[in-house]
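Please read the points below alongside the sequence and the structure.

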Amino acid sequence: MNPLLEVRNANLSFPTRRGLFGRGTAVPVLRDVSLRLETGQVLGIVGESGSGKSTLARLVLRLLKADSGAVLIDGQDHRDLSPRAFAAAVQPVFQDPYSSLNPKRTLAQILEMPLVLAGDFVAEERRTRVRAMLDRVGLPQRLLHSYPAQLSGGQRQRVAIARALMVRPRLLICDEPTSALDVSVQAQILQLFDELRRDFGLTCLFISHNLAVIERIADRVGVMYRGQIVEDGEGRTFFAGPQHAYSRLLLSSTLPPIPGRPLPDVARPWDAN
Amino acid sequence: MSDIALPDPRRAALRRALRHGGLIAGLAVVAAVVLLAVFAPLIAPHDPAAQNLTLRLIPPAWQEGGNPAYLLGTDHLGRDYLSRLIFGARVSLAVGLSVMVLSGLIGATLGFLGGYFGGRIDDLVMYVITVRLSMPGLLVALAVMSLLGGSLVTMITVLSLLFWDRYAVVTRTAVRQLRQADFVTAARVAGASHRWILWHEVRPNVMPQILVVATLEMAMAILSEASLSFLGLGIQPPTPSWGIMIAEARSFLFAKPYLVWMPGLAIFALVLAINLLGDGLRDVSQPEGRR
């Protein structure tokens, strides 16, 4: 059986700005990235800023094009899917809930949008689904006609998740969905993810630099470093004994709330070349 | 969560609008001028073009020698000045509104295209904007009008083709920022076409800025019409236009100053009112983020 998401040897580089005559050089951002995500699993991607996590998400979402390699959704190259078919299969949740909701549209309009674009729902059905989804993500019905500016960050992120789930996608791409929220709200959103995962049988590519979040939610963990996946394994095994030197550094870099613990040593001997 | 009703943003905006003195004053004056222009034939006491050489240069009714039948006096051809002022509002508003809309369409379209698509399209749009900005607007208008001859349609066309630059610059900048927003990306992934995104996601967020530019451009167009008509290159007599009225009264500036300051005051009041309206709209319509 095909995995739901498979990335095969993807390479992607960004060109540096060219002058009128000079040729720019290319900065590699993804280097030979391969991964498989089976239906029902949550794959956590961790790594420091600039390691290519978000680029990987944008590649899967077809917002960027790989220089070489392929992204397969259920065995089919995602470039071959129609916009509708792709939207029905893959949906994103973004990091910043202040930028991901249109400030000029009400929640009802925002949540209806994916259904309108999908095109096979009559107005009555759309309204019913919007109301049901509002309940499902734990937002009161009275917010239906309010604007994003009237909501808190946590509420906004619930709306963003609801919007992604409106078309019942099979794969959710979450690019740091909790990093813009404060810790207590983070916990609520993760709780919601747990519930939704159970109810919808979600498969999820979950990107975060917060290892605690990944440990909580992911079945498998991929560690990205300088555009490569340097370690990929079961979540439990990974947190028990990371293999790659960078993974160990990453794990020791977190600052648990233990008074008196010194800052970790973050030297990178393997980068000496 | 308690069941406290959230304030409806539209109603909140209306409340802010009603409390905004400048907005209300501007709106009142503009509305009054619009009503005068629309119902000019019903309101004007005389035919604005009817000459009566026996009744030349009658001063306003409150001055010595004034005639109550001619409230604001008559001009050098014995035409009722009040009626001419009322009919003159038609030209000013026609030019102001048409130029505002037409140049807005040109400028906003260019701004949307350049700002949203970026790359080569944006380079082209920027090039066109730069070319336009390098031309002195009123001088070009003068030259073209003297070549083609003045008429209302020519004037509107020429001014519309010249005054879209501010729309284009403002729209382009605003759209460029919105293009990066995650809600645009979300719509994109949900399968929305560029046209859908521009109309449903981008346009509502740019409208307030465009509206403010629109009021500025309308005031600008009205002033340009007055200037061109004053120079004899705009609306042709005997059509009453405030610019023409000032031009015709030039020779009586010292003997009959009211012939100059009355249309002057009319232009000043309308332009000021439109600017107040624009400032007010800006203050009232951009509350997102601050509450």
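In this predicted model, 25 residues of chain A are in contact with 20 residues of chain B, two residues being in contact if their C-beta atoms, placed from the backbone, lie within 7 Å. Local features need pLDDT of at least 70 and side-chain atom pairs count only at pLDDT 80 or more, while totals for chains, interfaces and linings use all residues. Residues are numbered from 1 along each chain as its sequence is written, and chains are lettered from A and ligands numbered from 1 in the order in which they are written.

**Interface**
- On the side of chain A that touches chain B, at least two residues each come from α2 (83-89), β6 and α3 (107-118) of chain A; helices (H or I, at least four residues) and strands (E, at least two) are DSSP runs numbered from the N terminus.
- That side of chain A comprises 14 nonpolar, six polar and five charged residues, where Ala, Val, Leu, Ile, Met, Phe, Trp, Tyr, Cys and Pro count as nonpolar, Asp, Glu, Lys and Arg as charged, and the others, Gly among them, as polar.

**Sheet of chain A**
- An open, mixed sheet of six strands has the order β6-β7-β8-β3-β9-β10 in chain A; two strands pair if DSSP finds at least two bridges between them.
- From one strand to the next, the twist averages 15°; angles run from 0 to 180 degrees between N-to-C directions, and axes are lines fitted to C-alpha atoms, for helices over the stretch in contact.
- Strands β7 (171-175) and β8 (203-207) of chain A run parallel and are joined by five bridges, and Ile173(A) has Leu205(A) as its bridge partner in β8(A).
- Helix α1 (53-60) of chain A packs on this sheet, touching β3 (42-46), β6, β7, β8 and β9 (220-225) of chain A, and its direction makes about 145° with that of β8(A).

**Helix pair α3(A) and α5(A)**
- The axes of α3(A) and α5 (153-165) of chain A lie 7 Å apart at an angle of about 30°.
- The two helices, α3(A) and α5(A), are therefore roughly parallel (angles under 35 degrees).
- Leu107(A), Ile110(A), Leu111(A) and Pro114(A) of α3(A) make the contact with Val159(A), Ala162(A) and Arg163(A) of α5(A).

**Glu248(B)**
- Glu248(B) belongs to helix α11 (242-248) of chain B.
- Glu248(B) counts as buried because it has 22 C-beta neighbours inside 10 Å, the cut-off being 20 or more other C-beta atoms within 10 Å of its own.

Note on methods:
Buried ≥ 20, exposed ≤ 12 C-beta atoms within 10 Å, placed from the backbone. Parallel < 35°, antiparallel > 145°, perpendicular 65-115°, else oblique.
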